[in-house]
Amino acid sequence: MNMRLSYGMGFILLVLPCSLLVAFTHYPALKALLNSFWNNGSSIRPSRFVGVKNYQTLLEDDKLMQVLINSFIYAIGTVPLAIALAIGMALLVNSKLPATGLMRLSFFLPTMLPMVAVANIWLFFYAPGIGLASQLLNAVGLPSINFLGSTNTSLASMMVVAVWKEAGLFMIFYLAALQSIPTNLKDAARLEGAGSVRIFFDVVLPLLRPTTIFVAVNALINAFRLVDHIVVMTRGGPNNSSSLLLYYIYEVTFGFRDFAYGATLTVLMVVILGILAAFQFWVLDRKAHYQ
Amino acid sequence: MKTRLKMAIPLVTGAAIALTAPAVQAADLEFYFPVGVNAPAVATIEKLTNAWAAQNPQHTVKAVYAGNYEETTTKALTAAQAGDPPQVAVLLAIDIFTLIEEDVILPISDIATSPEEKAWIGSFYDGFMVDTQFGGKTYSIPFQRSTPVFYYNKDAWRAAGLDPEVTPATWDEMVEMGKKLTVKDDNGNVTQWGTRIPNLGLAGAWLFGGLVKSKGDGLSTDTGTEARFDTEAAKASLDFMLRLAKEEVMAPGGITWGDTPKAFLEGQAASIWTSTGNLAFINENAEFDWGVGFLPGGDGPGAPVGGGNFYIFKDTTEEERAAALDFVKFMSTPENQAVWSMATGYVAPSAAAWETPEMQAYAKRLPQALVALDQMPHAYREFATFQRARVTQFLVDAIEGVITGGADPAAALAEAQDKADDVLGEYR
């Protein structure tokens, strides 16, 4: 059954994926690392080697500190919320309620929209005074809230958008996982006298663990990777209250055109993501139950 | 192989003859432009570029809409560094220092050297020329220039018992009149604010420059190496913004640029401070009687100028430069300035444009358009230094910190000043 590939053939098959990986992942990462030891040059001032000076700047950067705290809150807030919502929606559309097809479609719809479109829709929701959120608040006699214009609410508003956008996609994974759980396990539990809550927590949830790990990794990566809505809605403001690490990298690199410091920040981001990925795969993976 | 070479020789010689011929050479231009206002800008630009291409069939021009101002600058600089810049682009007037530092633009005064061309460069209003010049050279040509004005809802003025022909001239009058204009519902929630000054982001910093000007100071100087944040005028301007919120004339907290015309049209704000670039949009959509006045000022009138100019890029051939210059001249003829100004509301940057019959008729039809022109003598250049994006961000952070985060104005401005001095120190 097993056909052995010749080494030559194996090599040829590996060339394409490897060259793509090298060209678009490894080379840029390495280049960023190298650039981070040079200062920023312009056409009239060529850049020169400065050692770890960029990393010293990094340690003294107040704004970076705030951005990291924002990113941390953003990840801690959006990942569990998106997962919980996804499981809830998956249970709902997996149930025997009527119109589950319509529900599936409407829960999945936000995922299909491009993030920029989503951001523009929410921009309108949030608009103080004229937006839907304001009008709902006014209808019940509450003053409208300046969601995007206040340092207290801007980050939370961004998190709501991200959860709304992402939960639908994760729901699909959970739905697939739910449908692959053999009914005899649930039947057996029911015979033993377990209620539906007990069945959910002791039978269904453990079996969903591989999905949860997969979804958590993806959600966490997205928490760092997706900043389109920040660009459209707040540009990191007001006073950097909604700025995330990747947006800050974009701002420094292309806004301020400080490619050296941008590279330094990129190295930081790669390190953070590397640590997170290692933790998730090596620590959580061992606790997962695969069939 | 040999036959191919033989065939190539006559082709090459033919091309060489064509190159030395004195006839006008064909050039393929790429033209980047941004859109920053609610107006049919893209269609108008395309109409104008097509007209130029029709007059110059030997050339082609590709107009590329490249996003907002920042995105367009980023794209043009990235393309220039990759060795393939657009030949011509409309970019922020205040990006001049960045473009010079990156060494990607050509001073237009270096290629426009004939007497007629010198007269052409001299034909624009001085107020729009200050930020085109550096080191004795003119680097750009004014095109989509704007300045903010005070738009107000005359119906709201009447409802508040105010004279609909009188706008507040001073900050005190703004507060006084604004208090009458703010309307609350039975629950005590505000349904109409007295005024609205965008204070977030770069647009907030732009308008802030006008407040500072009205207190007799400026945020930057002609050298590009000085930021003036920690001044009495800047402090007074921040205090005024805080006072507007405290006296319930303006919504507290951050106010975005983009929603401002909409808030005015929907009756959320009785008056707004926004660009003349929104004139056409408001004229088309307002369902009430509206007017335009000078921005209320601290010690006297004051406003920033803003907007974009034509730049010609350095990494281009002689033919492309000649064609690009011709294109820019075409776009800034009085007639075409008038077309552009009427379609968008941008202030036509030369007196000749305002004297065209079309523009005269337009001013009669929409007298609001003239207010910006009258306000021009009180306008000052927009904040511009080397490393502009970074240094402006210090100012933006200071304004936002005070308005939305309750920071102390004096401390916030002093901090911004320190950071700006750090960055600009090496350019002095």
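1. Chain B holds 20 helices and 15 strands; helices here are DSSP runs of H or I with at least four residues, strands are runs of E with at least two, and both are numbered from the N terminus. Keep in mind that this is a predicted model, where local features need pLDDT of at least 70, side-chain atom pairs count only at pLDDT 80 or more, and totals for chains, interfaces and linings use all residues. As for labels, residues are numbered from 1 along each chain as its sequence is written, while chains are lettered from A and ligands numbered from 1 in the order in which they are written.

2. On overall shape, chain B has a radius of gyration of 24 Å, close to the 22 Å from the globule rule for 428 residues, so it is as compact as a globular protein of that length. (The radius is taken over C-alpha atoms, and the rule is 2.2 Å times the number of residues to the power 0.38.) Along the principal axes, the C-alpha atoms of chain B fill a box of roughly 90 × 50 × 40 Å.

3. How much of chain B is buried? Of its 428 residues, 53% count as such; buried takes 20 or more other C-beta atoms within 10 Å of a residue's own, exposed 12 or fewer, and partly exposed lies in between, with C-beta atoms placed from the backbone.

4. Now the place where the chains meet. Chain B brings 26 residues to the contact and chain A brings 23 residues, a contact being two C-beta atoms, placed from the backbone, within 7 Å. On the chain B side, the elements giving two or more residues are α3 (69–81), α12 (260–265) and α19 (388–405). Of these, α19(B) gives the most, with 7 residues.

5. Have a look at helix α10 of chain B, residues 201–214. Its 14 residues reach 21 Å from first C-alpha to last, close to the expected 20 Å, which is 1.5 Å times one less than the number of residues. This helix α10(B) is mostly covered, with 14 of its 14 residues buried. Just after α10(B) comes B:Gly216, with a positive phi of about 80 degrees.

6. Two backbone angles deserve a glance. Most residues other than glycine have a negative phi. A:Arg235, however, has a phi near 55 degrees; A:Arg235 sits in the loop between α11 (228–233) and α12 (245–255) of chain A and counts as buried, with 20 C-beta neighbours inside 10 Å. B:Glu248 has a positive phi too, near 60 degrees. B:Glu248 lies in the loop between α11 (232–246) and α12 of chain B, and is partly exposed, with 16 other C-beta atoms within 10 Å.
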